[in-house]
Amino acid sequence: MLRDDQVKELEELLVLGEVHTGSGLNQELGLQRAGDTRWGSHFKTLRNFISLFSSIVHVLGVLAIDGSNYHERSMAKSLVDYIRSYDFVYVLHLMLKVLALTYDLNMALQKKDQDIVSAMKLVGFAKRQLRYDRF
């Protein structure tokens, strides 16, 4: 259902000229598996969730109306209400911003040939970014 909604939305955007076509563009997005806990997977999940937000809300809305049982309909309605709340959207964007600001630090610290002096400089740079960046 989510895939169908994405296809429909992409077709509408193509007709309106809002997106361009070409090799490597408009790739299908998905959400990561629950057990995938690497930094990059969290960043990708948040980024994709934001990109798919309207489709996710639409699919949950359909499930809230056409769910197979009361529990499924109730859960879908609760999820729609929650993810459309200001608090959820704010925290979602805040988490994405923090992960984006610490991306270079994370990549550098994963390298095995990193010396401690360079690593500490990157930690200091990341701290300054987090301290002075306006969220």
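Predicted model: local features only at pLDDT ≥ 70, side-chain atom pairs only at ≥ 80, totals over all residues.
Angles under 35 degrees count as roughly parallel, over 145 as roughly antiparallel, 65 to 115 as roughly perpendicular, and the rest as oblique.

Residues are numbered from 1 along each chain as its sequence is written, and side-chain values use heavy atoms, with hydrogens and water left out.

First, the overall picture. The protein has seven helices and zero strands. Read from the N terminus, the order of elements is α-α-α-α-α-α-α. Helices here are DSSP runs of H or I with at least four residues, strands are runs of E with at least two, and both are numbered from the N terminus.

Of the 135 residues, 22% are buried. Buried means under 20% relative accessible area, exposed means over 50%, and partly exposed lies in between, with a 1.4 Å probe and protein chains only. The accessible surface is about 10,100 Å², and 58% of that belongs to carbon and sulfur atoms. Those areas come from the Shrake-Rupley method with a 1.4 Å probe.

Contact means heavy atoms within 4.5 Å. Among contacts between residues at least 6 apart in sequence, 54% join residues at least 24 apart.

How do H3 and H4 cross? The axes of H3, residues 53-66, and H4, residues 70-83, come within 7 Å and cross at roughly 150 degrees. The axes are lines fitted to C-alpha atoms, for helices over the stretch in contact, and angles run from 0 to 180 degrees between N-to-C directions. H3 and H4 are therefore roughly antiparallel. H3 passes H4 in a left-handed crossing, meaning that the near helix is turned anticlockwise from the far one by less than a right angle; clockwise would be right-handed.

On the H3 side, the contact includes Phe53, Ile56, Val57 and Leu60. Nonpolar covers Ala, Val, Leu, Ile, Met, Phe, Trp, Tyr, Cys and Pro; charged covers Asp, Glu, Lys and Arg; the others, Gly among them, are polar.

The second pair is H6, residues 103-110, with H7, residues 116-132; their axes are 9 Å apart and the angle is about 165 degrees. So H6 is roughly antiparallel to H7. The crossing of H6 and H7 is left-handed. Leu105, Ala108 and Leu109 in H6 meet Ala119, Leu122, Val123 and Ala126 in H7. That contact has seven nonpolar, no polar and no charged residues.

Ser54 sits in H3 and is partly exposed at 42% relative accessibility. Beyond neighbours within four places in sequence, Ser54 contacts Asp5 and Glu9.

Met95 belongs to H5, residues 86-101. Its relative accessible area is 41%, so Met95 is partly exposed. From Met95 to Phe43, 52 residues apart along the chain, the C-alpha separation is 8.5 Å.

Leu130 lies in H7 and, at 29% relative accessibility, is also partly exposed. Its C-alpha atom is 7.3 Å from that of Val98, 32 residues apart along the chain.
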